[in-house]
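Biologist: I'd like to learn how to read a model like this one. Can we go through it together, feature by feature?

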Amino acid sequence: MGTGTAADTLGAVTVIATVVGAFLVVVALRDVFDTLLHPHGRGVVSQGLIRGVWRTMRMAVRGNHAGLSLAGPLAFISVIAVWGALVVVGFALILWPHFPEGFAGAGIGVEDRDGLGNAVYLSMVNLTSLGYGDIVATGDLLRYLGPLETLIGLGLLTASISWILFLYRVLSDYRSLSHEISVLLDAERRSGTELAEIEPAVAARVLADLTSRVIAMRDDLVHSPIAYYFHPRDARHALPVLLPRLIEVVDECSGEERARALRFQAAMLRQSLDDLLETIADDFVDVPAGDAAEALAAYRRDHLWVTG
């Protein structure tokens with residue numbers, strides 16, 4: 001009776017650990033897919049973690065923009081670490097009930113009853129494809145888990161590198177857009193001439209270039225939401241600071257007395273700015289969609305460029 005009860009308990013533990021472990025692995029893989037391959041780039045785990053890091057950093061830095069600029073990199077590293085941890089723990093739970101009977105090895109005491117510790121160790125070795133060989137699976141099905149986890153680990157590494165490269169391009173485009181706006185505003189101030197006052201064809205080309213960049217920025221935020229949380233230290237490169245003045249320039253170019261081509265291009269840029277702010281309102285700040293002014297104000301508050 002006692003033997004049967006022990007066997008039943010062991011069987012139940014094996015089933016539960018296997019199901020929970022497989023669930024964690026699936027959660028990690030699904031989150032990687034949703035974050036990096038889905039058109040809208042929104043994994044449940046990654047987005048929750050990124051927003052948690054952002055909110056924590058906003059409270060911790062107390063208005064220090066240099067400190068807040070660390071939020072994006074920390075969020076990125078945290079997401080990669082959590083994905084790896086989910087896979088490691090998931091496979092460890094699948095392996096754990098089979099220690100020590102399903103494995104052979106030397107050096108770390110597989111024959112003792114530290115099954116969970118050995119399972120975590122073996123899972124980490126498999127994920128990182130180190131292949132020490134000090135613990136070897138002897139069961140028919142268990143032998144396939146190691147190569148499978150190694151393939152997942154290599155996939156995570158490749159996905160992380162691809163994400164870094166894509167994010168670098170997005171942040172480079174962000175900096176280029178903000179720098180172009182800053183140069184435009186500085187040129188108006190130093191020359192004493194507004195964009196709306198120069199030759200309409202030239203002004204329209206300037207607005208057309210900005211329109212394409214703003215549209216690209218909006219698309220980048222949709223496909224790579226983490227870019228929103230990379231905070232620039234310098235106000236000269238911060239869109240929340242530059243956008244209000246850019247909107248003023250657009251409004252000046254939209255006057256009834258302006259050339260039709262200039263007014264048309266100004267309308268296109270204003271619509272692209274409204275689309276960008278609507279995306280920010282929908283996905284990043286808690287304001288109703290459709291109110292561009294409130295979305296911009298919330299954007300500025302969220303990045304600590306204004307208080308209140």
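Biologist: What pattern does the protein chain follow, read along the sequence?

Modeller: First, a caution: this is a predicted model, where local features need pLDDT of at least 70, side-chain atom pairs count only at pLDDT 80 or more, and totals for chains, interfaces and linings use all residues. Residues are numbered from 1 along each chain as its sequence is written, and side-chain values use heavy atoms, with hydrogens and water left out. Helices (H or I, at least four residues) and strands (E, at least two) are DSSP runs, numbered from the N terminus. Here the pattern is α-α-α-α-β-α-β-α-α-α-α-α, which comes to 10 helices and 2 strands.

Biologist: How does the radius of gyration of the protein chain sit against the globule rule?

Modeller: The radius is taken over C-alpha atoms, and the rule is 2.2 Å times the number of residues to the power 0.38. For 308 residues the rule gives 19 Å, but the chain has 27 Å, well over that, so it is more spread out than a compact globule. The C-alpha trace spans about 95 × 35 × 30 Å along its principal axes.

Biologist: At what angle do the axes of helix 6 and helix 7 cross?

Modeller: Axes are lines fitted to C-alpha atoms, for helices over the stretch in contact (heavy atoms within 4.5 Å), and angles run from 0 to 180 degrees between N-to-C directions. Helix 6 (residues 142-191) and helix 7 (residues 200-223) cross at roughly 145°, their axes coming within 10 Å. The contact includes Phe-166, Tyr-174 and Leu-184 of helix 6 and Leu-210, Val-214 and Met-217 of helix 7.

Biologist: Which residues of helix 7 are buried?

Modeller: Buried means under 20% relative accessible area, exposed over 50%, partly exposed in between (1.4 Å probe, protein chains only). In helix 7 that gives Ala-203, Ala-204, Leu-207, Leu-210, Thr-211, Val-214, Met-217, Asp-220, Leu-221 and Val-222. Their cover includes helix 6, helix 8 (239-253) and helix 9 (260-283).

Biologist: And why does Ser-123 count as buried?

Modeller: Ser-123 counts as buried because its relative accessibility is 0%. This serine belongs to helix 5, whose buried residues pack against helix 4 (71-95), strand 1 (103-105), strand 2 (135-137) and helix 6. Leaving aside neighbours within four places in sequence, Ser-123 touches Val-87, Val-88, Phe-91, Ala-92, Leu-95 and Glu-149. Its C-alpha lies 5.5 Å from that of Ala-92, 31 residues apart along the chain.
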